[in-house]
Amino acid sequence: MISTTDLNLSFGGRRLFENVNVRFVAGNCYGLIGANGAGKSTFLKILAGLETPSSGTVSINPDERLSYLRQDQFAFDEYPVLKTVIMGQPKLNDLIEEREALYAKGDFSDADGDRAADLEMEFGDLNGWEAEANAAVLLSGLGIETSLHTKKMSELKGAEKVKVLLAQALFGSPDVLLLDEPTNHLDSAAIRWLEEFLYDFEKTVIVVSHDRHFLNKVCTHMADIDYGRITLYSGNYDFWYESSQLALRLQQEKTRKTEDKARELKEFIARFSANASKSKQATSRKKMLEKLTLEDIKPSSRQYPFVGFKPEREAGDQLLKVADLCKTVEGKELLNNVNFTAKKGDKIVFVGDELAISLLFRILMGEVKADRGEHHWGITTSQAYFPKDNASYFANSDLNLVDWLRQFSTEQSETFIRGFLGRMLFSGEESLKKVKVLSGGERVRCMLARMMLTNANVLILDGPTNHLDLESITAVNNGLIRFPGTVLFTSHDHQFNQTVMNRIIEITPKGATDLEMTYDEYLVSHPNAKV
């Protein structure tokens, strides 16, 4: 168990946390959620002892070990991979180093013999004999090949280092596990392995993630940072989100009778109780949810941007035909005889090599010319494009947001532009700030606003969920589900893909494969897919 008592934290006069009293107990996985800037990562660092609160305390049993996922990929470059993982359990690592130094001595005294006996006993108690084997199991589960286990960290690629640091955090079954964005840079196979690992992990887990599918799969509770407080809710992310929306709706419908509201709450809880993500937790979760009352669920202060794409005209049946498309870049053939036809209303997720997919999208938008082959858009189609790299759209960094968006709007009035920006959460003075100071997530919201102004009936989106917070991802997700036109897209967000797509096209070295299956089915049938 780990808990906080009257925890407060202020930065420059702004109070981030106020009198936070919360307790995280063993056997539960808590998803720590909150708007950007709410202090999710800061709170994890306070729990880990890496940052000091303004006042208040963090308590953990002195006999229990806490593990925190480190983000510094270069901190362990001088160490071998296996040793880096074992360093996640400092007591065992220190013991191993002392043991090796002792046995390396040339003059072995009686005192050394006594110390060696003590070390061997402690070594056995800490499962030292199995340490390398256990570390290797973690690494292999995360996709680090055995041939890399003895190499130095400096020899690994960035994504491989991330996996090693995650294995380090998981090593030795810590009593409290703190994970800040653990799925970043992980492929789908590694994410699924981590989900299964956390399924079976019986101690305390607190995780920050923008991956809604991951939160839904592993979390038993949500810890919501709102109004400077942290409130615990039973259930996964979807339950928290829908219950907060239900609470907001019930609050707005003040004229409805209490019994009508209670009936809606009961039906809502019954639906989520039946869909518990972990069978072993279904019974206990059902009991917790059935104890909820109207007062237990509260509307969130979180703001969601409005993402709505409205085509100016309906496209005809002849939408897009791609025939024998080929393209080589710097001697490497990325697209080889790509053939497919998109029909009106299709929502196609493209999977496979990211560079190849981005190149395909750029060809379809006329930014790059194919070496061979052709593509034809229907005469009734209009396209809007969201590129993975949006830097060129913000080249004139002296523009403010109003003037920047005005470039893409037929309606030029400031009232209209400001209103549109307000829907994307740039309200008041926010709409007048320079585009050069925008964060990655703010730029993405600007690009989405630009797309909405086109009123196109075909959307091409290359990684639209990158850099976005949970609220914005949810808004884009819902906006594309509602969109009546055609969508060609790629994304690493599992839930986004599963709920938007109706077709999968896999770009392979031999061309394009059209797959008639859901995204979940694709991941099961293609365990090593690049997604």
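A: Two strands count as paired if DSSP finds at least two bridges between them. Strands here are DSSP runs of E with at least two residues, and helices are runs of H or I with at least four, numbered from the N terminus. The model is predicted, so local features need pLDDT of at least 70 and side-chain atom pairs pLDDT 80 or more, while totals for chains, interfaces and linings use all residues. Residues are numbered from 1 along each chain as its sequence is written, and side-chain values use heavy atoms, leaving out hydrogens and water.

On that basis, six strands make up an open sheet, in the order β5-β6-β7-β3-β8-β9, with mixed pairing. At the edges stand β5 (66-68) and β9 (229-234), each of which pairs on one side only. From one strand to the next, the twist averages 20°.

Strand β7 comprises residues 204-208 and has five of its five residues buried, where buried means under 20% relative accessible area, exposed over 50%, and partly exposed in between (1.4 Å probe, protein chains only). The cover extends to both faces of β7: T204, I206 and V208 are buried on one side, and V205 and V207 on the other.

Strand β3 (residues 29-34) runs parallel to β7 and is joined to it by three bridges; Y30 stands opposite I206. Strand β6 (residues 176-180) is likewise parallel to β7, through five bridges, and L178 has I206 as its bridge partner in β7. Between β6 and β7 the chain passes through helix α7 (residues 188-200) in a right-handed β-α-β crossover, that is, clockwise from the first strand over the helix to the second when the strands point away from the viewer.

Helix α6 (residues 158-170) lies across β5 and β6 and runs at about 160° to β6; axes are lines fitted to C-alpha atoms, for helices over the stretch in contact, and angles run from 0 to 180 degrees between N-to-C directions.

A helix pair is also described. The axes of α3 (residues 90-103) and α4 (residues 110-125) come within 10 Å and cross at roughly 145°. Residues of α3 in contact with α4 include L92, L95, I96 and L102, and those on the α4 side include D112, R115, A116 and L119; contact means heavy atoms within 4.5 Å.

Another links E122 and R115 at 3.7 Å, N to O, with E122 partly exposed at 29% and R115 partly exposed at 31%.

In a further salt bridge, the closest N and O atoms of E314 and K344 are 3.0 Å apart. E314 lies in the loop between α11 (282-290) and β10 (320-329) and K344 in the loop between β11 (332-342) and β12 (347-352), so this pair ties together parts 30 residues apart in sequence.

Conventions
A salt bridge is a side-chain nitrogen of Lys or Arg within 4 Å of a carboxyl oxygen of Asp or Glu.
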